[in-house]
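Open the model in your viewer and keep the sequence beside it. We will go from stop to stop, selecting a few residues each time.

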Amino acid sequence: MPRYEYRCRTCGDTFELSRPMAESSAPAACPSGHDDTVKLLSTVSVAGSASAPAPAPRTGGGGGGGCCGGGCCG
């Protein structure tokens, strides 16, 4: 279930609530009981590692590349 972050306009506290996406815009009372709250725009944090895609092979003329860096292999 997604977590949404809210800020209370009365006391300034920031708090989070787990609720279904369908209820993300529903009013949320702060832990102190105030009803004047606003939902904050949150960023998504994803843990883990991602590998970069391998570079595309070079095609066509114009030297460079290969096992010798473009020189003659013999």
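Select T37. At 18% relative accessibility, T37 counts as buried. Buried means under 20% relative accessible area, exposed means over 50%, and partly exposed lies in between (1.4 Å probe, protein chains only).

A word on the source: this is a predicted model, in which local features need pLDDT of at least 70 and side-chain atom pairs count only at pLDDT 80 or more, while totals for chains, interfaces and linings use all residues. Residues are numbered from 1 along each chain as its sequence is written, and side-chain values use heavy atoms, with hydrogens and water left out.

**Around T37**

Stay on T37. Its place is in strand β3, residues 37-39. Strands (E, at least two residues) and helices (H or I, at least four) are DSSP runs, numbered from the N terminus. Now show what T37 touches. Leaving out residues up to four places away in sequence, the list is R7, C8, R9, F15, A28, A29 and C30. Contact means heavy atoms within 4.5 Å. Zoom in on A28: its backbone oxygen lies 2.5 Å from a polar atom of the T37 side chain.

**The whole chain**

Zoom out and colour by secondary structure. You will find three strands and zero helices. From the N terminus on, the order is β-β-β. Of the 74 residues in the chain, 12% are buried. The chain exposes about 6,000 Å², and carbon and sulfur atoms supply 54% of that area. Accessible areas come from the Shrake-Rupley method with a 1.4 Å probe; for residues, only the protein chains shown count as cover.

**The core**

Next, select Y4, Y6, C8, F15, A28 and C30. These six residues make up the largest nonpolar core. Such a core is a set of buried Ala, Val, Leu, Ile, Met, Phe, Trp, Tyr and Cys residues joined through side-chain atoms within 4.5 Å. Which strand gives the most to this core? Strand β1, residues 3-8, does, with three residues. In soluble globular proteins, nonpolar side chains tend to be buried together.

**Two rings**

Keep Y6 and F15 on screen. Both are buried. A search of the whole structure finds one aromatic pair. The ring centres of Y6 and F15 are 5.7 Å apart and the planes are at 20 degrees, so this pair is stacked. The rule: rings of Phe, Tyr and Trp (its six-membered ring) pair if their centres lie within 6.5 Å; planes under 30 degrees apart count as stacked, over 60 as edge-to-face and the rest as tilted.

For C8, the nearest cysteine sulfur is that of C11, 3.5 Å away. That is too far for a bond. C8 is buried, with a relative accessible area of 1%, whereas C11 is partly exposed at 34%. Leaving aside neighbours within four places in sequence, C30 is in contact with C8, C11, F15 and T37.

**Last stop: R7**

Select R7, found in strand β1. R7 is partly exposed, at 38% relative accessibility. Now show T14. A polar contact of 3.3 Å joins the side chains of R7 and T14. A polar contact is a pair of N or O atoms within 3.5 Å; within protein, one must be able to donate a hydrogen and the other to accept it, and residues adjacent in sequence count only if both atoms are side-chain atoms.

How values were computed. Disulfide = S-S within 2.5 Å.
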